[in-house]
Amino acid sequence: MNRRDFVKTGGIILGGSVLPHQLVSAYQSSGLNKGPIKIGIIGCGDRGKGIMHVMKSMPEQFEMVAICDNMDFRLKQAKKRFSDIKFKAFKDYEKLLEQKEIDAVIIATPLNMHYAPAKAALEAGKNVYLEKTMTYNIPEAQDLVKIVANNPKLTLQVGHQYRYTPLYYKVKDMIQSGYLGKITQIDSRWDRNWNWKRPVPDPSLERAINWRMYKEYSGGLPAELLSHQIDFINWAFETHPDTIMGTGGIDNYHDGRETFDNVQLILRYDKAGMIGNFGATCSNAREGYSFSIKGTKGTVDLLMNEGYFYPEKERMEELQIVDGVSGATKLTWKDGKGIPILDKKTKDGTIYALKDFYNSVMNKEKPASNVISGATTATCIHLANHSTFNNTIESWKPEYNYG
């Protein structure tokens, strides 16, 4: 690599790359000056209230006018936390969807309840921001693809936030430009030392509140955590796995749960010549969140809102001589962590994602995390869980190619 080429590609690190349309739109309004989108929130648990908190900080884009949850205490919690907002409150999402003033809905329900309200919302003419993973199973994903195709003027965006954050877009740019060389290994984890349970005010509500523990409602650790990293790899490499293998068990918390507290997935990407390792445990927090992308020219290590580049030996001399930004000052290592990919931490990914949702709705544009990408990742998760629970090796089928 000569000096000119390095300056050109080195600009990927520390802020030199051109942002895509979707990411640019996350920093500016659509310019249509049509006022805020009127929003209904379906699901007022932790995630639903978290999204509401972000939306409250974006009054030019969103006006929350209605909330829905089938549990009275959650409706009361939402009203108390956002006491300055006069919501209409519903226990039935179909009643909420009858409200003509609502332009779009946020769906933050348990996984098994993603499909039905999303389908009903689209058929009612509402735009949809649907939390990840998009659907509970493959047939639901296939059906949503058809429904969105039949309603081309409506937006369905899926809550895979890495597709919007500047850090993860930078890494995608590094991957696609060849900056990391030939990538053969992905190693990612999302660990904690916690039973993953929420407090239950009434024993009769155990399954409804701790739905992540039960197969009837949940895709477990792969759906709730690892789907983010799997989706990023699908996006960054413009691919999908060809073979999926998984193993796991209820290895620590023998408390009646059905989903595994310890999982490891191996995804083989034949077209990319790459193996992805995705693991999670509820019994050790040492690694926490980790995400390493390993190429012949270097490694990227990612955290939630910061990342570092570690060059291989033959690249080291070039990096000590030439700065990818100025072409003069050598790149420096930060606190022994490596070369920072961005010069500061990024914001909460929900902020970037909701800004893009606003622009997608207002400009009738396809979001970066859309029904096609959402269906692809949902299929990965379903196959991974099937492999994990049944000790099978799953293969990608032509009918899973949604694009």
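What follows is a short exchange about aromatic rings and the charges over them in this predicted model.

Colleague: How many aromatic pairs does the count come to?
Modeller: Rings of Phe, Tyr and Trp pair if their centres lie within 6.5 Å. By this rule the count for the predicted model comes to twelve aromatic pairs.

Colleague: Are the rings of Tyr168 and Phe291 stacked, edge-to-face or tilted?
Modeller: The pair links distant parts of the chain, with Tyr168 in helix α8 and Phe291 in strand β11, 123 residues apart. Planes under 30 degrees apart count as stacked and those over 60 as edge-to-face. The ring centres of Tyr168 and Phe291 are 6.5 Å apart and the planes are at 35°, so the pair is tilted.

Colleague: Which parts does the pair of Phe260 and Phe389 tie together?
Modeller: Phe260 and Phe389 form a tilted pair, at 4.5 Å centre to centre with 55° between the planes. Since the partners are 129 residues apart in sequence, the pair ties together the loop between β8 and β9, where Phe260 lies, and, on the side of Phe389, helix α13.

Colleague: Is Phe389 buried, partly exposed or exposed?
Modeller: Buried means under 20% relative accessible area and exposed means over 50%. Phe260, at 15%, is buried. Phe389 has a relative accessibility of 27%, and therefore counts as partly exposed.

Colleague: Which residue lies over the face of Phe389?
Modeller: A charge over a ring is also found at Tyr214, where Arg207 lies at 4.4 Å from the ring centre. Over the face of Phe389, at 3.9 Å from the ring centre, lies Lys215.

Technical notes: Residues are numbered from 1 along each chain as its sequence is written. This is a predicted model: local features need pLDDT of at least 70, side-chain atom pairs count only at pLDDT 80 or more; totals for chains, interfaces and linings use all residues. Side-chain values use heavy atoms; hydrogens and water are left out. Rings of Phe, Tyr and Trp (its six-membered ring) pair if their centres lie within 6.5 Å; planes under 30 degrees apart count as stacked, over 60 as edge-to-face and the rest as tilted. Helices (H or I, at least four residues) and strands (E, at least two) are DSSP runs, numbered from the N terminus. Buried means under 20% relative accessible area, exposed over 50%, partly exposed in between (1.4 Å probe, protein chains only). A charge sits over a ring if NZ of Lys or CZ of Arg is within 6 Å of the ring centre and within 35 degrees of the ring normal.
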